[in-house]
Amino acid sequence: MSSEPNIKAMLPILVFVVLYLGLGIVVEYGMGIAMGFYEVPVIGVFLVALMVACLQNRKLDFNSKVSVMAKGIGNPNIVMMLLIFLCAGAFVGIVGRSSAESVAYFFLSVFPPEYAVVVLFIVAALVSLAMGTSVGTITLIAPIAIAVSGATGFSVPLSVGAVVGGAMFGDNLSFISDTTIAACQGQGCRMKDKFLENVWFAIPAALISLVIFSLMSVPSYSGGSVVCEYDLLLMVPYILVFVASVAGLNVFLALLMGMVSGAIIMLGTGGADAIGLMGSIGRGMSGMFETSMVAILVACIVALVIEYGGFEAVLRWIKSRFSGFRGGMCGIGFLVGIMDISTANNTVAIVMANPLAKDISESYGISPREAASILDTVSCVFQGIIPYGAQILVALSAISAAGYAYSAFDVLPNLVYPFILLICLALSIMLFPRHKRTYSE
């Protein structure tokens, strides 16, 4: 990192935030286009930010800047991240997402209907944990939650809030979530270690949320239930990947097991033929294109910002306000939280925050797994509660499609889990000594 701090070197990141957030607000609220933030081409905005970075620092010629960017892209963690993104996309492409509804209806048939809201949280958590995507989970489970509300008398915002919370739980802990991949590769830790670090506060937060959802829903149960057929066979590949990952198997081998088992099940049950399966693999990998390109462009921008001394300036500012081991953890959380609020994308926020978080963790003796855990957790908390995030917008879209008129501010008070998770994380950082939460690598 440059020995000469230069806060002006942060201009490209400021340009990105202003353009992306500004255009999103104009499209979403000024023009009244639904999901407006996601109509803004994030890759294009990052490209503009990269051009700004290239125009800075006349001491370096363009070829020298290209060399700096190439080194940033060639970072082993970036390369590993891109490969895992592709494998995770192929895995989801093979198995598909039809198993989510089966999981939902299975649990709804097992538990008493007065606990349907609690069940929706559990289902969303399991589906998101298996699929690695909170947005995909909400897309699939929110319509079921709305149907459950209509049959049982529970409020729609409460049921949908339970789904959003469960989806964020699974996204935060999933081994194939792009946020997990980005945080672990950026900090240089194993996914298993980050998972074990997370469960110290994610599981208590989930249990407390279940109790709160029970208190909020059971007394208002008016009778009725939703019953549909289900088939859980397609959950087998997800379970294999999860168990293999927790057991410490290399992530590529774990995903390979999931892909092979998924292909056998899909072909054996007639869920897809060979040609259709190949097409699904291609679509799954293509679905990771934007995330991969964002990682590449951010690697280029970050490499130049570091070269110009921008991150050194920010690092000194953070260190002047957050000191010590616990202060460093709070600084990492503050950093990624601001990034997520600015970009409305938790993966982008993590990728952007990774280099600074790495320096902070090394300065204050924070282990890679702890840094990765904080990055993923805080980004998921804010992503789950910002009204212009994809998760809330997708939920509102499902509510609107069902003929209900609720706003983000109707759903926000029912987002129990993200708020409880943030409290549990803060207590974990402040109250528990480091050695009580560590284990052998």
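Tutor: Helix 8 passes helix 18 in a right-handed crossing. Keep in mind that this is a predicted model.

Student: What describes two packed helices?

Tutor: Two packed helices are described by the angle between their axes and the distance between the axes. Here the axes of helix 8 (residues 156–173) and helix 18 (residues 368–385) cross at roughly 160° and come within 10 Å.

Student: Are helix 8 and helix 18 roughly parallel or roughly antiparallel?

Tutor: An angle over 145 degrees counts as roughly antiparallel, and helix 8 and helix 18 are therefore roughly antiparallel to each other.

Student: Which residues of helix 8 and helix 18 meet?

Tutor: On the helix 8 side they are Val164, Met168, Asp171 and Asn172, and they meet Asp376, Thr377, Cys380, Gln383 and Gly384 of helix 18. The residues of this contact divide into 3 nonpolar, 4 polar and 2 charged.

Student: At what angle do helix 9 and helix 17 pack?

Tutor: Helix 9 (residues 178–187) packs with helix 17 (residues 346–364) at about 20°, and their axes are 9 Å apart. Angles under 35 degrees count as roughly parallel, so helix 9 and helix 17 are roughly parallel to each other. Helix 9 passes helix 17 in a right-handed crossing. Helix 9 makes the contact through Asp178, Thr179, Ala182, Ala183, Gly186 and Gln187, while helix 17 uses Asn346, Thr347, Ile350, Val351, Asn354, Ala357, Lys358 and Ser361. The residues of the contact of helix 9 with helix 17 divide into 5 nonpolar, 7 polar and 2 charged.

Student: Which residues of an α-helix point the same way?

Tutor: An α-helix has 3.6 residues a turn, so residues three or four places apart point the same way. Now take helix 1 (residues 11–30). Its buried residues are Pro12, Ile13, Val15, Phe16, Val17, Tyr20, Gly24, Val27 and Glu28. Just after helix 1, Gly32 has a positive phi of about 70°.

Student: Is Ser217 buried or exposed?

Tutor: Buried means under 20% relative accessible area. Ser217, in helix 10 (residues 191–217), has 0% relative accessibility and therefore counts as buried. Leaving out residues up to four places away in sequence, Ser217 touches Glu114, Val117, Phe154 and Leu158. Ser217 and Glu114 are 103 residues apart along the chain, and their C-alpha atoms are separated by 7.6 Å.

Student: Where is Val294 found, and what does Val294 touch?

Tutor: Val294 is in helix 14 (residues 289–308). With a relative accessible area of 5%, Val294 is buried. Again not counting residues up to four places away in sequence, Val294 touches Val42, Ile43, Phe46 and Val348. For Val294 and Phe91, the separation is 203 residues in sequence and 21 Å in space, C-alpha to C-alpha.

Student: How many disulfides does the count come to?

Tutor: A disulfide needs a pair of cysteine sulfur atoms within 2.5 Å, and the count comes to 0 disulfides.

Key:
Residues are numbered from 1 along each chain as its sequence is written. This is a predicted model: local features need pLDDT of at least 70, side-chain atom pairs count only at pLDDT 80 or more; totals for chains, interfaces and linings use all residues. Side-chain values use heavy atoms; hydrogens and water are left out. Axes are lines fitted to C-alpha atoms, for helices over the stretch in contact, and angles run from 0 to 180 degrees between N-to-C directions. Helices (H or I, at least four residues) and strands (E, at least two) are DSSP runs, numbered from the N terminus. Angles under 35 degrees count as roughly parallel, over 145 as roughly antiparallel, 65 to 115 as roughly perpendicular and the rest as oblique. A crossing is left-handed if the near helix is turned anticlockwise from the far one by less than a right angle, and right-handed if clockwise. Contact means heavy atoms within 4.5 Å. Ala, Val, Leu, Ile, Met, Phe, Trp, Tyr, Cys and Pro count as nonpolar, Asp, Glu, Lys and Arg as charged, and the others, Gly among them, as polar. Buried means under 20% relative accessible area, exposed over 50%, partly exposed in between (1.4 Å probe, protein chains only).
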